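Subject: Structure handover

Hello,

Here is the structure for your files. Please look it over first; my notes follow below.

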Amino acid sequence: MKCHISQLPGIGSKITLRTGEEGMVVIIVHHSGKRELYFFEDASSDEADFAMDLTADETRELGAQLLGATYQPVDTDQLKLFRKQIIVDYIELSESSEIANKTLGEAAVRSKTGVTVIGIIQGDETIAIPEPDTILHPGDVLMSIGKKVQIDAMIDLCAGKDEQT
């Protein structure tokens, strides 16, 4: 973003900000404290697409919000790290699994594997955020979320293998 500040004799200052998308924001700061804000979608246009007047307090509040006073976006590097650590997998329930024909609550998959079941596909029906009394039938596909080691334990549990974490 390019910023240019110029003096307006008898009025105050003009601050021009050119955006990376070829737009432009112009702020006129009057000696009286009044601010005028103009937005140009096309920086070469002579007429603003949007204009508004702001008081000094409104300007401070807008600035504070732009600086993140009430909301801080997630750092994309932290989000990528989260995505690498958390896996969502669709795991089919085998007839030989110890949790087949039990309710989700009785199966206690979270305490056995660390995985959370966030959905179940039973034939043509999809159950989002299943209740603890939902019965797990062989052939159901359990939408599971957890870390890789937890998902691996859930795969083993659903396959009927003896090893669980």
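Start with Ser-97. Ser-97 sits in the loop that runs between β6 (87-92) and α3 (104-107). Helices (H or I, at least four residues) and strands (E, at least two) are DSSP runs, numbered from the N terminus.

A note on the source. This is a predicted model, numbered from 1 along each chain as its sequence is written. Local features need pLDDT of at least 70, side-chain atom pairs count only at pLDDT 80 or more, totals for chains, interfaces and linings use all residues, and side-chain values use heavy atoms, with hydrogens and water left out.

Back to Ser-97. Its relative accessible area is 6%, so Ser-97 is buried. The cut-offs: buried is under 20% relative accessible area, exposed is over 50%, and partly exposed is in between (1.4 Å probe, protein chains only). Setting aside neighbours within four places in sequence, Ser-97 is in contact (heavy atoms within 4.5 Å) with Leu-157, Cys-158 and Gly-160. With Leu-157 there is more detail: a polar atom of the Ser-97 side chain lies 2.7 Å from the backbone oxygen of Leu-157.

Next, the charged pairs. How many salt bridges does a search of the whole structure find? Five. A salt bridge here is a side-chain nitrogen of Lys or Arg within 4 Å of a carboxyl oxygen of Asp or Glu. Among them are the following.

Lys-34 and Asp-53. Their side chains meet at 3.9 Å, N to O. This pair links distant parts of the chain, 19 residues apart. Lys-34 is in the loop between β3 (24-30) and β4 (35-40), and Asp-53 is in strand β5 (residues 50-54). Lys-34 is partly exposed, at 37% relative accessible area.

Lys-112 and Glu-98. The N to O distance in this salt bridge is 2.7 Å. Lys-112 belongs to helix α4 (residues 109-113) and Glu-98 to the loop between β6 and α3, so the pair ties together parts 14 residues apart in sequence. Lys-112 is partly exposed, with a relative accessible area of 22%. Glu-98 is also partly exposed, at 39%.

Asp-152 and Lys-148. The closest N and O atoms of this salt bridge are 3.0 Å apart. Both residues lie in helix α5 (residues 148-159); they are four residues apart, so about one helical turn separates them. Asp-152 has 33% relative accessibility and counts as partly exposed. Lys-148, at 52%, counts as exposed.

Best regards

Note on methods: A polar contact is a pair of N or O atoms within 3.5 Å; within protein, one must be able to donate a hydrogen and the other to accept it, and residues adjacent in sequence count only if both atoms are side-chain atoms.
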